Amino acid sequence: MPRDNPVLMAVFWSFATIVLYLAAKRTHRRWPRAWTSPLLVVPLFLAVIALALHVNYRDYSRGTHWLVTLLGPATVAFAVPIYEQRALIRRSWPVLIVGVLIGSVTAMISAWCLAGALGLSGSLRLSLMPRSMSTPFAMTVSGDIGGVPDLTAVFVVLTGVFGAALGEAVLALLPLRSVMARGALFGMGAHAAGVAKAHQIGREEGSIAGLVMVLVGFVNVLAAPLLAAILK
């Protein structure tokens with residue numbers, strides 16, 4: 001792999017990332033299991049390719065930076081589900097706000113405490129705090145509070161994959177009858193991967209999960225720097 005040719009590097013890694021994602025997405029659609037999730041499969045295959053070619057993460061990141069840039073428009077697009085669910089927000093805004101606030105604070109404090117229990121400190125601890133937000137919000141927050149955005153993205157993926165997988169088990173154990181509660185569980189606990197899983201359960205659950213995911217992102221962008229300053 002000629003690392004001194006940035007154009008070739010960008011073409012190769014962008015092509016590999018996109019092709020692997022499309023293949024993983026098709027596979028997951030046919031065999032919808034936690035271990036076939038594109039969020040889990042694609043990074044693993046890319047890591048294997050990078051190790052085989054003796055390419056470090058910096059080289060990969062440089063070649064696929066334009067894909068990360070697309071997270072900006074994706075963040076703006078999050079306003080769409082909020083607009084579509086405006087009637088639900090007007091009807092249930094006290095429950096949504098209280099749930100999002102409590103869930104967000106719990107997620108960040110639990111991540112901070114878990115990192116401390118594992119002996120992590122400094123930027124690693126701060127990188128773990130935004131793990132329960134969707135990637136665009138999480139990477140922005142991580143950079144603002146002193147974490148490593150790229151590392152935070154890994155934590156976000158792991159949280160989403162495991163959260164979506166465990167969500168169904170939680171629903172089987174807890175008597176959550178309302179559509180609001182079941183959708184909010186996935187949107188709060190597993191962000192984008194949880195929204196996809198909630199859509200498999202029902203259309204309304206998926207819409208609520210998407211709405212909660214967006215609200216969590218907006219709240220955390222404001223709350224995470226304050227909470228990080230208090231916990232430091």
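Residues are numbered from 1 along each chain as its sequence is written, and side-chain values use heavy atoms, with hydrogens and water left out. Because the model is predicted, local features need pLDDT of at least 70 and side-chain atom pairs count only at pLDDT 80 or more, whereas totals for chains, interfaces and linings use all residues.

Let me begin with helices α1 and α2. Helices here are DSSP runs of H or I with at least four residues, numbered from the N terminus. Helix α1 spans residues 6-30 and helix α2 spans residues 38-53; their axes lie 9 Å apart at an angle of about 145°. The axes are lines fitted to C-alpha atoms over the stretch in contact, and angles run from 0 to 180 degrees between N-to-C directions. Contact means heavy atoms within 4.5 Å. On the α1 side the contacting residues include F12, W13, L20 and Y21, and they meet a set in α2 that includes V41, F45 and I49.

R26 also belongs to α1. Is R26 buried or exposed? R26 is exposed, at a relative accessible area of 66%. For these terms, buried means under 20% relative accessible area, exposed over 50%, and partly exposed in between, with a 1.4 Å probe and protein chains only.

I turn now to the salt bridges. Side chains of opposite charge can pair when their charged atoms come close. The criterion is a side-chain nitrogen of Lys or Arg within 4 Å of a carboxyl oxygen of Asp or Glu, and the count comes to 2.

One of them joins D59 and R62, whose closest N and O atoms are 3.1 Å apart. These residues are separated by about one helical turn, because they lie 3 residues apart in helix α3, residues 57-63. D59 is buried at 8%, whereas R62 is exposed at 52%.

R182 and E205 also form a salt bridge, at 2.4 Å from N to O. R182 lies in helix α11 (residues 179-201) and E205 in helix α12 (residues 203-231), so the pair ties together parts 23 residues apart in sequence. R182 is partly exposed at 24%, and E205 is buried at 6%.

Finally, helix α9, residues 135-145, has buried residues including F137, M139 and I145. Just after α9, G146 takes a positive phi of about 100°.

Definitions and conventions: Helices (H or I, at least four residues) and strands (E, at least two) are DSSP runs, numbered from the N terminus.
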